[in-house]
Amino acid sequence: MDGGSFINGLMIAIEPINILWIIVGGFLGTIVGMLPGLGPATAVAVLIPITFSMNPVSAIILMAAIYYGAMYGGSRSSILLNTPGDGSAIAATFDGYPMAKKGQAGEALAISAVASFIGGLIAVVGFIFLAEPLANFALEFGPAEYFLLMLLTLSAIVALSIGKMVKGFLAMMIGLTLSTVGIDTQTGVYRFTMGLPHLSEGIDFLIVIIGVYAIGEVLYNFLNIDQQKKDKKKVGKVWFTKDQWKRSKWPILRSGPLGFLIGVLPGAGGSIASMISYTSEKQISKRSEEFGDGAAEGLAAPESANNAASVGAMIPLLTMGIPGSGTTAVMLGALIMLGLRPGPLLFEQQPETAWALVNSMFLGNIALVIINILLVGLLVKILDTPAKVLYPIIVLLAFIGTYTLSYSTMDFFLLLIFGLFGLMMKIMDIPIAPLVLALIVGTDMEQNFRMAVLSSNGSLGIFFSSGVSIALVILTLLSLFYPLIIKLVKKKSQKNTDQPEQVYKSS
Amino acid sequence: MRKIGFVSILILIMLLAACSSNASGSKGYPDKNLEIVAPASPGGGWDLTARSLEKVLTDENLVEQNINVVNKPGGGGEVGWKYLKSKDAHTLAVNSSLVLTNNLLGQSDLTYNEFTPIATLATEWQALAVPADSKYSTATEFLEATKENPDSMKIGVGPGLGNDDHLSLVQAASEFGINPSELNFLVYEGGGDVVTALLGGHVDAVTTSLSEVKDQHLAGKLKILAVSSDKPVEGIEDVPTWQDEGVDMVFPHWRGLMGPPDMTEEEIAYWDEKISKMVETEQWKKVLDNNDWESFYKNSEETEAFLKEQNDLYQKLVKDSGMMK
């Protein structure tokens with residue numbers, strides 16, 4: 001880190017015009033993050049023609065603000081409507097929606113905003129001091145390590161579905177099957193595309209998210225619309241309680257660095273970060289049985305992680321010119337058009353630009369937490385909206401969001417199919433998250449497995465050949481068997497009830 | 001107040017009338033909004049080409065009509081080009097060698113001669129790169145070693161076999177006397193992933209667009225062994241071309257513009273005039289510069305001949321690579 005450039009960058013970031021872009025971008029990001037289907041990648045893409053006329057520094061500041069702004073926004077609809085705006089907001093439905101159901105929507109919105117803020121701050125500080133070594137760490141990840149990271153994510157999902165393990169497993173297998181649709185990159189063979197060129201790049205997981213969550217939720221509520229009217233949800237406070245804060249404090253502080261590290265890995269991203277942070281918090285929590293029933297920390301942890309991940313994703317982009325996510329890929333394209341080429345030479349040739357961005361992320365997170373807390377009072381009103389107004393709007397937004405993904409009407413059919421599918425899953429009480437997350441990581445997981453085995457000439461030893469991979473194998477085993485171990489330990493401690501506390505401490 | 005309102009509306013109506021009479025006065029093509037199809041998602045090479053065209057043609061007042069960029073991703077361009085086929089001459093689409101290879105690889109029924117060639121615009125060059133600490137310091141050394149033991153050399157490529165990144169090395173290898181179907185390619189999701197894999201030492205070499213590796217080469221993080229251009233590339237004059245290395249090959253990764261089937265001669269002439277002017281503007285040169293593209297302008301007639309020639313070349317390459325269906 002270079003002190004002079006840092007100060008210069010700060011000076012650029014606090015120019016009034018750039019502050020304005022930070023606020024505009026953050027606000028815009030919050031909005032698109034909230035709407036199902038409209039994500040930061042679409043928002044940045046739509047803005048490309050506008051950024052042509054902008055100063056490159058302002059452009060990158062604006063685009064980054066949209067990106068992490070969307071991380072704040074994504075959880076809003078997860079909490080209020082049980083429909084995540086993006087893959088990284090799925091984990092926020094686990095406890096966010098139950099909280100809203102209990103009449104704690106205001107608390108949920110507030111604590112997730114604060115969690116995002118702290119996660120973002122941790123990540124910006126991490127960026128300032130650790131960008132270089134972390135970029136090198138990310139390079140250690142070869143196909144074998146990526147495969148194991150994704151395996152860890154999937155095992156975390158299965159471990160989550162305790163009580164309905166079989167159903168969770170089933171949902172995951174369906175997700176993995178769906179992920180095989182499309183061109184197989186290793187061989188160029190088209191799989192399960194049914195002759196439709198539209199399917200050659202696979203089924204966009206966002207369509208599935210919008211379908212099973214948004215459309216499925218609307219359909220499900222439609223079936224139960226009569227019972228629903230009776231219990232009018234009352235919205236309590238717009239700020240969280242001291243107790244909720246006390247429970248969430250450490251999960252937030254632990255998930256920030258975790259999410260940041262995962263975000264640095266190109267291709268991992270917010271979905272994996274928030275998922276892993278949720279399950280690890282659940283597993284080490286003293287009150288793990290409250291997770292999924294509206295535990296504040298179960299919402300705060302993944303929110304902290306996914307926002308930290310979005311900052312982490314800037315590291316490979318800025319230091320190596322390698323986009324780590326869909327959004328950063330679009331940003332890279334736009335920046336090149338502006339004559340700004342992120343890459344190994346950026347910090348040497350244009351240090352002020354790089355540091356201006358880092359500083360803007362700092363300011364942006366402050367702006368965003370304020371924006372989002374101010375919005376809480378307004379957003380909770382959504383719950384008071386009569387169903388006959390709210391549901392048509394959700395359906396409308398779902399269709400618009402779907403159309404913006406690839407500008408094709410064929411996706412509408414997919415959307416409806418997955419909507420019905422989501423309804424079925426809800427009726428049969430099959431958890432939805434394993435399906436969607438398996439679909440998100442499935443393609444990469446398969447390709448990385450095959451690349452790993454190809455490059456080792458068929459030997460599976462490659463999955464144990466580096467420190468990182470061994471650590472990931474151990475974590476995967478732990479996440480699968482930890483619940484079992486805990487059960488055994490609990491049984492034992494029930495027999496001799498004198499020292500239950502110590503068991504937890506050691507965990 | 002009301003009078004001013006009335007007068008201004010009157011003026012507005014007159015202006016509108018003037019405009020419309022103007023448009024109908026000049027008659028003929030184009031007489032409505034124009035569309036440029038980018039057969040991919042926003043942010044990629046095709047999209048940037050389409051948006052740059054839109055911007056330069058509009059900013060330099062070369063085209064009076066509104067130009068809209070439409071993204072139609074899917075099937076390596078197939079979805080966008082099918083859409084183009086159904087439109088009239090007010091829609092054009094960006095293309096590249098995929099318009100040839102999709103068909104040659106048996107992934108599409110569309111062929112290039114179903115469309116009207118308009119222009120070839122720009123090109124990038126291909127590069128072969130190895131890690132900074134690789135034991136190979138020239139392309140010849142690398143190919144010699146590969147010839148000895150083709151299976152042991154892991155070569156990263158993305159996002160799919162049959163693209164220019166892949167076929168450029170296929171051509172180099174077969175010129176060198178290696179059977180390209182024996183090469184051991186690992187297919188990554190995109191150009192960025194390929195570079196990450198190389199920097200992390202997970203592959204022995206990569207074949208990719210020059211722009212993906214140029215800065216890394218300048219920063220000393222990897223070594224470019226050869227570029228596919230006809231003369232040394234600005235900024236990295238120390239890197240030899242394939243020809244310098246004794247491999248007789250120039251391999252452009254070009255992008256162009258084409259229209260729907262059966263455009264009239266006047267319509268083609270219209271674009272020849274506009275595009276030939278556009279490629280001379282400072283703004284277009286800036287676009288090329290920012291993207292590390294090189295001007296590769298060919299008018300409609302030259303493009304038609306070029307496509308035919310390229311199709312023959314790609315047919316041979318696809319066959320050599322062992323991918324022919």
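What percentage of the 325 residues of chain B count as buried? In this predicted model, 52% of them do, where buried means that 20 or more other C-beta atoms, placed from the backbone, lie within 10 Å of the residue's own. Local features need pLDDT of at least 70 and side-chain atom pairs count only at pLDDT 80 or more, while totals for chains, interfaces and linings use all residues. Residues are numbered from 1 along each chain as its sequence is written, and chains are lettered from A and ligands numbered from 1 in the order in which they are written.

**View 1. Chain B as a whole.** Chain B has 11 helices and 10 strands, which are DSSP runs (helices H or I, at least four residues; strands E, at least two) numbered from the N terminus. Taken along the principal axes, its C-alpha atoms fill a box of roughly 85 × 40 × 30 Å.

**View 2. Strand β5 of chain B and its partners.** Both faces of β5(B), residues 154-157, are covered, with B:K154 and B:G156 buried on one side and B:I155 and B:V157 buried on the other. In a regular strand the side chains alternate between the two faces of the sheet. β5(B) pairs in the parallel sense with β6(B), residues 184-187, over four bridges, pairing being assigned if DSSP finds at least two bridges between the strands; here B:I155 has B:F185 as its bridge partner. The chain passes from β5(B) to β6(B) through helix α6 (residues 164-175) of chain B in a right-handed β-α-β crossover, that is, with the strands pointing away from the viewer, the path from the first strand over the helix to the second runs clockwise. Two bridges also join β5(B) to the parallel strand β7(B), residues 205-209, where B:V206 is the bridge partner of B:G156.

**View 3. The two domains of chain B.** Domain 1 (31-123 + 253-320) and domain 2 (124-227) of chain B, with bounds from an automatic or database domain assignment, have centres 28 Å apart, taken over C-alpha atoms. Their contact takes 11 residues from domain 1 and 14 residues from domain 2, two residues being in contact if their C-beta atoms, placed from the backbone, lie within 7 Å. On the domain 1 side, helix α11 (residues 300-320) of chain B gives the most, with four residues.

**View 4. Chain A against chain B.** This contact takes 38 residues from chain A and 41 residues from chain B. On the chain A side, α3 (40-51), α15 (326-337) and α20 (433-455) of chain A are the elements that give two or more residues, and α15(A) gives the most, with six residues.

Technical notes. Buried ≥ 20, exposed ≤ 12 C-beta atoms within 10 Å, placed from the backbone.
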